[in-house]
Amino acid sequence: MYKTIATIDGMMCTMCEAHISEVIRKAVPGAKKVSADHKKGTATFLSEEMPSEDALLKAIADTGYTCVSVDTKPYEKKGLFGLF
Ligand SMILES: [Cu+2]
């Protein structure tokens with residue numbers, strides 16, 4: 001299990017959050033708990049497999065937003081969550 005935090009430029013409102021979440025679900029098959037926060041400018045999700053950073057960057061760029069960075073870390077369901 002992995003947790004990914006993508007930093008995204010250009011989200012202005014909750015519609016943008018919905019848009020980005022939709023894009024992530026399409027770009028990363030099996031992405032779970034997808035959520036985006038336009039105030040923080042981040043989107044997070046969990047996945048069983050290491051997500052393809054290239055696919056994510058391209059999918060987000062194609063929608064008109066800019067993905068500044070993608071940070072993926074191993075994720076343990078219990079215990080370690082607070083460390084990330
Ligand atoms: Cu918006």
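Predicted model: local features only at pLDDT ≥ 70, side-chain atom pairs only at ≥ 80, totals over all residues.
Q: How far is Lys39 from Asp62 in space?
A: The C-alpha atoms of Lys39 and Asp62 are 21 Å apart, and the two residues are 23 residues apart in sequence.

Q: Let me step back. How many helices and strands are there in the chain?
A: The chain has 2 helices and 4 strands. Along the sequence, these elements follow the pattern β-α-β-β-α-β.

Q: In what order do the strands sit in the sheet?
A: The order is S2-S3-S1-S4, in an open sheet with antiparallel pairing. Strands S2 (32-37) and S4 (66-74) stand at the edges; each has a single partner strand, so one side of each is left without a neighbour in the sheet. From one strand to the next, the twist averages 15 degrees.

Q: And how many bridges join S1 and S3?
A: Strand S1 (residues 2-9) and strand S3 (residues 42-47) pair over 6 bridges, in the antiparallel sense. Among the residues involved is Ala6, whose bridge partner in S3 is Ala43.

Q: Where do the helices lie, then? Start with H1: which strands does it lie across?
A: Helix H1 (residues 14-27) lies across S1, S2 and S3, and runs at about 145 degrees to S2. Helix H2 (residues 53-62) also packs on the sheet, where H2 touches S1 and S4. The direction of H2 makes about 150 degrees with that of S4.

Q: Which residues of H2 are buried?
A: Leu56, Ala59 and Ile60 are the buried residues of H2. They cover an arc of only 95 degrees around the axis, which puts them on the same side of H2. The elements covering these buried residues include S1, H1 and S4.

Q: What does the face turned away from the buried side of H2 carry?
A: That face of H2 carries the exposed residues Asp54, Lys58, Ala61 and Asp62. Just after H2 comes Gly64, with a positive phi of about 100 degrees.

Q: On to the core. Which residues touch the most other members of the largest nonpolar core?
A: Ile8, Ile20, Ile24, Ala43 and Ile60 do, in a core of 16 residues. S1, H1, S3 and H2 are the elements that give two or more residues to this core. In soluble globular proteins, nonpolar side chains tend to be buried together.

Q: What is Ile24 in contact with, leaving aside neighbours within four places in sequence?
A: Ile24 is in contact with Ala31, Val34, Ala43 and Phe45.

Q: Changing topic: which residue other than glycine has a phi near 50 degrees?
A: Lys33 has that positive value. Most residues other than glycine have a negative phi. Lys33 has its place in strand S2, and with 9 other C-beta atoms within 10 Å, Lys33 is exposed.

Q: What about Pro29, buried or exposed?
A: Pro29 counts as exposed because there are 12 C-beta neighbours inside 10 Å. Pro29 has its place in the loop between H1 and S2. The C-alpha atoms of Pro29 and Lys77 are separated by 19 Å, and these residues are 48 residues apart along the chain.

Q: Last one, on overall dimensions. What is the radius of gyration of the chain?
A: The chain has a radius of gyration of 12 Å; a compact globule of 84 residues would have one near 12 Å, so the two agree. The C-alpha trace spans about 35 × 25 × 20 Å along its principal axes. Of the 84 residues in the chain, 23% are buried. Among contacts in the chain with a separation of 6 or more, 60% are between residues 24 or more positions apart.

Key. Residues numbered from 1 in each chain as written. Pairing = 2+ DSSP bridges. Axes fitted to C-alpha atoms, helices over the stretch in contact; angles between N-to-C directions. Contact = placed C-beta atoms within 7 Å. Rg over C-alpha atoms; globule rule 2.2 N^0.38 Å. Buried ≥ 20, exposed ≤ 12 C-beta atoms within 10 Å, placed from the backbone. Arc of directions from axis to C-beta. Core = buried A, V, L, I, M, F, W, Y, C linked by C-beta atoms within 7 Å.
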